Amino acid sequence: MSLLVRRVLTRLLFLAALVSALLYLAGPVWAHGFQSVVYADLSGDGPGVVRTQLQLEYDLLVVSAADAERDDPLFQEGTAAFESGDADQQAAALVAHHDTVAAYVTKRFEITAAGKACTARMTDDISMTRQDGVPYAVLTLEDTCPPSENGHDIASGLFPDAEGFVSDTKTILTFSLDLHEGSTVLDAEHPSFSTAQTTLERFWEFFRLGAEHLLTGIDHILFLLALIVGSRRLREIVIAATTFTIAHSVTFILAATGVIAAPPEVVEPTIALSIAVVGAWYLWRLWRRGEVDQDLLKAHGFLRLDRAGWLRVGVVFVFGLVHGLGFASALGIDEPWSWTLLWSLLVFNVGIEAVQIGIIVVVFPLLVLLRRRAPRIGMWASALLAIAVTLAGLVWFVQRVLGIE
């Protein structure tokens, strides 16, 4: 390798260290942030009655309800129960402060019919379950509603950003109501839903959610950038992106439908490591050969990929499987398989792919143009991006392994 290239890489490494420092400060927030998922399952329970089963993150419910209703004993008892890990003790703390919990939940999860609010009551049936290894409280609401010919409107404002405990709470809502059944997602930007909405409108919510998840998940974007910077022709990035799509689609659907499961403590660090590995792959080839952008001129074999190219595809496939588990965890669904859920998941996945394709369409042609017009500058720019991506992945890997927020 030439002395000039080595000097350039040394300087780029210094610059990338500065970029990495910024990523270190903002990394945990950009990657996933402190989010919570609420599960709501609605069904008719006789004329004018809507029955809702809510699943809410236990420690968050305790803190939020105690703070909103000024119930310090609930905070003390609920926190002690959470730290003990005893599900019976946790449920007992909520039962003992039934009125506090009911007041908090019914004020923030509302159903209306014919323009009038339904009368909500929380039953005494409180139990515990777990979602992604986290204790969740299972509550039941019964809403008595006026007659309506236009369905029901559901609004969720549970665990809002204003409380300061979490951000971007999403409510995964499934329903069998008003002769309709389906699922949708509620969040701060789209807090309400009507059972009178069309199937297309409901699917749009999952498409939007998928697109937003990739746009706001900087770790997945960096992985995609690592794929782009390591590709020298359109054929390579298409093969890599397609491989990644197939892999993460398989595990995403299997995990979201409850067929497979993996602890976040394994999935999240592996995602971070995948970013570092794919970024470092390009740097390793650059260090060995100097002019990696010319490698494809010698490509051969099936799809004109040499042995190293197919090895890269294999690595992308394996890491794509792990990213699919991350997508499923972010969506927060772990339910038995159904056609309704499957279609919703596929639309969510289409939203992810739409953004992924958009990034490739914008970034890759610019990179190719730079490499052709100014090969040396193009190589330096690619190396700088690869270094920044690699260091960011390593920082996130260490943070996630050590549990640093």
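Start by colouring the chain by pLDDT, the predictor's confidence in each residue from 0 to 100. Helices here are DSSP runs of H or I with at least four residues, strands are E runs with at least two, and both are numbered from the N terminus.

This is a predicted model, in which local features need pLDDT of at least 70, side-chain atom pairs count only at pLDDT 80 or more, and totals for chains, interfaces and linings use all residues. Residues are numbered from 1 along each chain as its sequence is written, and side-chain values use heavy atoms, with hydrogens and water left out.

Now show the whole chain. Its mean pLDDT is 81, and 83% of its residues reach 70 or more. Count 12 helices and 11 strands.

Move to helix 6 (residues 199-216) and helix 7 (residues 218-229). Their axes, lines fitted to C-alpha atoms over the stretch in contact, lie 5 Å apart. The packing angle is about 75°, on a scale from 0 to 180 degrees between N-to-C directions. The two helices are therefore roughly perpendicular (65 to 115 degrees).

Show side chains at this contact. His213, Leu214, Leu215 and Thr216 in helix 6 meet Ile218, His220 and Ile221 in helix 7.

Notes:
Angles under 35 degrees count as roughly parallel, over 145 as roughly antiparallel, 65 to 115 as roughly perpendicular and the rest as oblique. Contact means heavy atoms within 4.5 Å.
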